[in-house]
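Hi,

Here is the structure I promised to pass on to you. My notes on what turned up in it follow below.

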Amino acid sequence: MSLLKLADFALVKALTNPNNGSVILNLSRASSHFVYTPDSKAPVKGATRKMNMFQAINDAMDIALDQDSSALVFGEDVAFGGVFRCSMGLQKKFGKERVFNTPLCEQGIAGFAIGVASTGATAIAEIQFADYIFPAFDQIVNEAAKYRYRSGNLFDCGSLVFRAPCGAVGHGACYHSQSPEAYFAHTPGLKIVVPRGPNMAKGLLLSCVKEKDPCIVLEPKTLYRAAVEEVPEEAFECPIGKADILKVGTDVTLIGWGTQVHVLLEVANMAKQQYGINCEVIDLVSILPWDKETICNSAKKTGRVLISHEAPLTNGFGAELAATIQEECFLHLEAPITRVTGWDTPFPHVFEPFYIPDKYRCLAGIKKLVDY
């Protein structure tokens, strides 16, 4: 067992209840930098049930397995529910041949998933932490993403979904807290989405399993329990490639995804109360493809844009947004585009509160935009 896996084993052991073996995840430190805002754009059709985000993901995989007899769920420790409990109860319901553990080998998980999907089956592969997806990078970028292109659209490995918990967790440090979306956004042939809560998590996951291109669902781990909503019990899908305007405004456009959306919603209220600044808040939702029309229309309207994400500043996906906004909206801008992000360092442990782009750093960015 590698030193990395030994460290991961130690983390899981520290989070495990010795009485019943269930995993205890105290995310209070991670969630202290934001206030969760329930989804006002959630679908309301049919019966609903209160779920947190890991329960909504579990429900989506349950539906996918039930509706598609070829569907498989696999990854490290998924048989007992996974570190974050997202696959809890699925093996008992669907059997060991459809929900099963894999060796501790992300490259092998990805290669097996590609093989499964290329035969026409549905593969839902869990990468235990997004930080561990890098050993699988070659398989995902050079094989999965190019499969349909290199065959001239004769074949594909669609219905292939990689799920990966990402972002700050309060105590994860440099091996359990990263946000790798920008690495994969450079790869044509992939689709990448980041849910902001239970409804979006369920709808996006069910959309991804039907895609003809491989998808990566990056799940902000601090939202697994902090996010609770009324979620429709029936299957539904959220569109890939479409951003959501969560708060309409006229003075500044705020753009984020995942956990950072909730930071920006709180910041928008602070800006209104303290400075009378009316912010428009947009959840990008989909990293690849991303919704250029919605973003640019908002930038042209407000003339000021702030982009915020947990990943480091340099070559973070915010840079792509800023470059496009500058190209498309230059004559409408009243100030340079501002990025409030993680720092260009490895993700720290005890200094995590200083690393993540909290509401105070974002509020300072808004004030700087307006005062320019």
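Strand β2 (residues 72-75) runs parallel to β3, and 3 bridges join the two. Within that pair, Val73 faces Val99 in β3, and Gly75 has Asn101 in β3 opposite it. Please keep in mind as you look that this is a predicted model.

On its β4 side, β2 also pairs in the parallel sense, this time over 4 bridges.

Are the residues of β2 buried or exposed? They are buried on both faces: Leu72 and Phe74 point to one side of the strand, Val73 and Gly75 to the other.

Which strands make it up, and in what order? It is an open sheet of 5 strands, ordered β9-β11-β10-β13-β14, and its pairing is mixed. The edge strands, pairing on one side only, are β9 (244-247) and β14 (338-342). Ignoring direction, neighbouring strands here are turned by 25° against each other on average. Inside the sheet, strand β10 (residues 252-256) pairs with strand β13 (residues 305-312) in the parallel sense, over 3 bridges, and Leu254 sits opposite Leu306 in β13. Helix α11 packs on this sheet, where it touches β9, β10, β11 (279-283) and β13; the direction of α11 makes about 175° with that of β11.

Helix α11 has a helix partner too. The axes of α11 (residues 259-275) and α15 (residues 359-371) come within 9 Å and cross at roughly 55°, which makes α11 oblique to α15. The crossing of α11 and α15 is right-handed. On the α11 side the contact involves Gln260, Val263, Leu264, Glu266, Val267, Met270, Ala271, Gln274 and Tyr275, and on the α15 side Lys359, Tyr360, Cys362, Leu363, Ile366 and Lys367. By class, the residues of this contact are 10 nonpolar, 2 polar and 3 charged.

The crossing of α12 and α13 is right-handed. Lys292, Ile295, Cys296, Ala299 and Lys300 of α12 meet Thr324, Ile325, Glu328 and Cys329 of α13. The contact of α12 with α13 counts 5 nonpolar, 1 polar and 3 charged residues.

Finally, some backbone details to check. Most peptide bonds are trans, and most residues other than glycine have a negative phi. Against that background, please look at these:

- Leu288 and Pro289 are joined by a cis peptide bond, with omega about -5°. Pro289 lies in the loop between β12 and α12.
- Ala173 is not a glycine, yet has a positive phi of about 60°. Ala173 is in the loop between β5 and α8 (181-185), and counts as buried because its relative accessibility is 18%, under the 20% cut-off.
- Asn315, also not a glycine, has a positive phi of about 60°. Where is Asn315 found? It is in the loop between β13 and α13, and Asn315 is exposed, since its relative accessible area is 65%, over the 50% cut-off.

Enjoy browsing, and do write back with any questions.

Best wishes

Conventions
Residues numbered from 1 in each chain as written. Predicted model: local features only at pLDDT ≥ 70, side-chain atom pairs only at ≥ 80, totals over all residues. Heavy atoms only, no water. Axes fitted to C-alpha atoms, helices over the stretch in contact; angles between N-to-C directions. Parallel < 35°, antiparallel > 145°, perpendicular 65-115°, else oblique. Left-handed = near helix turned anticlockwise from the far one by under 90°. Contact = heavy atoms within 4.5 Å. Nonpolar A, V, L, I, M, F, W, Y, C, P; charged D, E, K, R; others polar. Pairing = 2+ DSSP bridges. Buried < 20%, exposed > 50% of the residue type's maximum accessible area, 1.4 Å probe, protein only.
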